[in-house]
Amino acid sequence: MHCGMCLPTCPTYAETKNEKNSPRGRISLMRAIADGELDVSRAFADEMYYCLGCLACETACPAGVDYTGLFEASRAEIEAAEVLASPGRSFWRRVTLDFLFLHPRLFHFAARLLRFYQRTGLRKCVRGSGLLMLAPKRLRALEPLAPEISRRFSQQLIAPVERPRSGKPRFCVAMLTGCVQDVAFARLNRDTVEVLLANGCEVMTPRLQPCCGSLHAHNGELDQARVLARRNIDLYHLDSLDAIISNAGGCGSHLRKYGHLLKDDPDYAQKAKQWDDKLRDIHEWLAEIGFRKPSQDSAVPETNSVTYHESCHLCHGQKISREPRMILESLPGVDFVELPESNWCCGSAGIYNITQPEQSAKLQERKIRHIRGTRASAVAMANPGCHIQIEHGLAETGIVVTSPVSLLAEAYRRECRGDG
Amino acid sequence: MQADILQELEQALAPDRILTQKEDLLPYSFDGTAAMKSMPGCVVFPESAGEISACLKIAGARKIPVVTRGSGTGLSGGSVPVEDCIVLCLVRMDQIEEVDPRNLTLLAQTGVITKAIDDAAAEHGLFYPPDPGSMKISTIGGNVAENSGGLRGLKYGVTRDYVMGMEVVLADGEIAWFGNKCVKDVAGYSMRDLFIGSEGTLGIITKVLLKLLPRPQARRTMLATYDSMEDAARTVSAIIAAQIIPCSLEFLDQVTIRCVEDYAKIGLPTEVAALLLMETDGHPHVVAEEALQMAEIAGEHGAVDVHTARDEAEATRLASARRTAFSALARVKPTTILEDVTVPRDKLTEMVHFINEVAGRYSLHIGTFGHMGDGNLHPTFLTDERDRDEMEKVEKALDEIVARTIEVGGTITGEHGVGLAKKKYLAHQFSDPSLALLKKLKQTLDPANILNPGKIFD
């Protein structure tokens, strides 16, 4: 099937109107490789890294083509064929994929260093002195995009086991803290736990959780992704959990496909399937258990009109679109405004803003234009990558960047305090 | 493709608007049609009629075939390249140049997306009715070249009924204009009618002047379900016989319903044998009255249930879901061979019955849907192009279906065009001197045979 229904939803095709830059075009190249008509070439590799992996094509595809699987397999083949290999690229891939995102302690240490750099005046000093010009190109590009690291990480804010303040817990859930989310958005993780507690969930949050492996899977390192999946599964006694909660769109999309990732692993195939069955995005879970609507007197004045940006991997990857809106609409004193093209990629796309800065910037600008057009005072989203990308784009506009869960948590807090 | 030709093309356009690398060309080696593929020599992206003219002059001098393409969603192989040809991809000519609410017309460049035309019309309270299944991505130039139909054909007709004028680049590179904004115009031959549906074989359509209608004030969408497909067909015949012309009367069989529901998840009943999507639009009073009558007729002809869409949003969801039918059928098998036979409406029940009988006889899996009110059926064979034996059976079944279609006074294609897919059947429908005249026209307008050669006929 190559009907072309995916074309109008593809951000890169919209930019170039060149078939090669569309899902249908990319799949035709994959097929040519599979049929032996084409080698895994440099041009093919460049194309597969030009793809955002936003999966809008999957939502659009009536035929149900599994683009995620094709996309990940293609990138893995590209890495195996080493057509893009260069010393610099290999170095950065090793640093990030083999070290930082494979070892949580190392990751925390790096985050601490980054915070030290951001908070001690070192950053001002480096930026002012032009020292940055001496840094490698990639590091230079990365520096302004790096998220502000939190003072305290998730494990300082969340106890390994937390129970609702009153009453017997209705559910027992595990809370996945993520990597970037853990060190840059620890507050959102805390908010997630609070919302879960307020809705009768006992929350288990193991310390030093491994990365979910989505970064590895999307960048052609499927074996490492499998290692991380097994480590994650091993952290829990799955039978005792009602749900495993993810609050980051990008991670969740990958996390709920462990079954597929480990299907050929005799020791883990069954467990991975059970894992998938219990994996829930936080918004999905709240809707499923019928979350409590905050009372009328808990309105937050700074966010009286809110719009919603859909993380690609939440809406296209996980097909969760209605639930975050339900949460926003439940907030007292909040006027919910629809965002035009709400499910069009913002250009963050994992590390796309570093690998393809030009295309990423165009998408960021398009997104910002729409957000400003709504005249909302806040924009909510549920993915750390989008959060960083959109926050950068909205700098100095005064528009608040937040998440549905944080807004809900704040409304609950205001109820307790009795203000609002 | 020879280097000197590419050099000439680069001079005529710009180097960045010509693709020659294998990775760039492969994605242009097919269109929306199953199991048809051929590599072009290059792909060019002209941005004006002048540039197209220059390309045609270069091609004409060397007798290089030129295949025109929009978004590549055609379903008869019309824009599948001829080996080593120049593909003229017109998607970058995508401006709506004028909406004229006083004359109810719209002037668009050839690469404008069909849906964008109706959206632009809607801003003025106007309406562009033709709505092919691929309207979200198909180009208007492609629609005119294929004379596309759609879901609203029953009441509003097809693309041809909305083309008032066009700019065409002829095979020798001359740029011609036919038509105007006048409702009546009988000066000379109606040349625009010749180019509508000519599938890129007579000239390259670069601009179209379209007729718009006032946007209907109201519409009502209903879903009738049946235990047998024949009952659905009988309902359609009865509605037409009662002299009601609804906007659409679309049907889906069970296989198609299940695939569509699997994709769209809008709660279609998956246990029924057939489903009829009925829509009426126009003045609110008329709409209410017609809807009531249609529901009654459906009930009298075996409908198990008739559901009325609660609101505009549900109506749109239903119509959108119907538009995905063809693509959704690929959920069953990788290759979907789509038919487009059309019969006079009084032969509908007979034809539906015959198609099922043939599929059963060859043990083939089919899903059928289509524009029942138009007599336009899309029986779709669900198969795998790698399975030679089954593909052979599909061929035989198709031959039988086409033969019967012609026998009952139907046509081999209602709205997809002949292209490559239906070429072998054209001679069954046209006998001399009609077929000879078609070929004579082609020879006259394109003596060097460079425009989409080998399509429609050899």
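How many residue pairs are in polar contact across the interface of chain A and chain B? The rule finds 16, counting pairs with both residues at pLDDT 80 or more. Keep in mind that this is a predicted model; the close-ups below start at that interface.

**View 1. Where chain A meets chain B.** Here 30 residues of chain A are in contact with 36 residues of chain B. Together the two chains bury about 2,600 Å², and 57% of that is on carbon and sulfur atoms. On the chain A side, the elements giving two or more residues are helix 1 (11-16), helix 2 (23-34), helix 3 (42-50) and helix 4 (56-60). Helix 2 of chain A gives the most, with 6 residues. Sort the chain A side by residue type and you get 15 nonpolar, 9 polar and 6 charged.

**View 2. A salt bridge between the chains.** Zoom in on B:Glu385 and A:Arg31, whose side chains meet in a salt bridge at 4.0 Å, N to O. The count between chain A and chain B is 5 salt bridges.

**View 3. The largest nonpolar core, around B:Met278.** This core has 53 residues, and B:Met278, B:Met372 and B:Phe381 have the most contacts inside it. Leaving out residues up to four places away in sequence, B:Met278 touches a list of neighbours that includes B:Met222, B:Ile239, B:Leu249, B:Met294 and B:Val306, as well as B:Arg220 and B:Ser248. Apart from the largest core lies another, of 40 residues, with A:Ile289, A:Leu328, A:Ala382 and A:Leu408 among them.

**View 4. A:Gln364, a buried glutamine.** A:Gln364 sits in helix 22 (residues 357-374) of chain A. Its relative accessible area is 19%, so A:Gln364 counts as buried, the cut-off being under 20%. The side chain of A:Gln364 reaches the backbone oxygen of A:Gln389 at 2.8 Å. Beyond four places away in sequence, A:Gln364 touches A:Cys346, A:Gln389, A:His392 and A:Gly393.

**View 5. A cis peptide bond at B:Pro433.** The bond joining B:Asp432 and B:Pro433 is cis, with omega at about 5 degrees. You'll find B:Pro433 in the loop between helix 15 (423-429) and helix 16 (434-445) of chain B.

View 6. B:Lys265 isn't a glycine, yet its phi is near 45 degrees. Look for B:Lys265 in the loop between helix 9 (254-264) and strand 14 (274-282) of chain B, where B:Lys265 is exposed at 61% relative accessible area. B:Ser363 also has a positive phi, about 50 degrees. B:Ser363 lies in the loop between helix 13 (348-361) and strand 17 (366-371) of chain B and is exposed, with a relative accessible area of 55%.

Conventions
Residues numbered from 1 in each chain as written. Chains lettered and ligands numbered in written order. Predicted model: local features only at pLDDT ≥ 70, side-chain atom pairs only at ≥ 80, totals over all residues. Heavy atoms only, no water. Core = buried A, V, L, I, M, F, W, Y, C linked by side-chain atoms within 4.5 Å. Buried < 20%, exposed > 50% of the residue type's maximum accessible area, 1.4 Å probe, protein only. Contact = heavy atoms within 4.5 Å. Buried area = accessible area lost by both parts, 1.4 Å probe. Polar contact = N/O pair within 3.5 Å; in protein donor to acceptor, adjacent residues only side chain to side chain. Helix = DSSP H or I, 4+ residues; strand = E, 2+ residues; numbered from the N terminus. Nonpolar A, V, L, I, M, F, W, Y, C, P; charged D, E, K, R; others polar.
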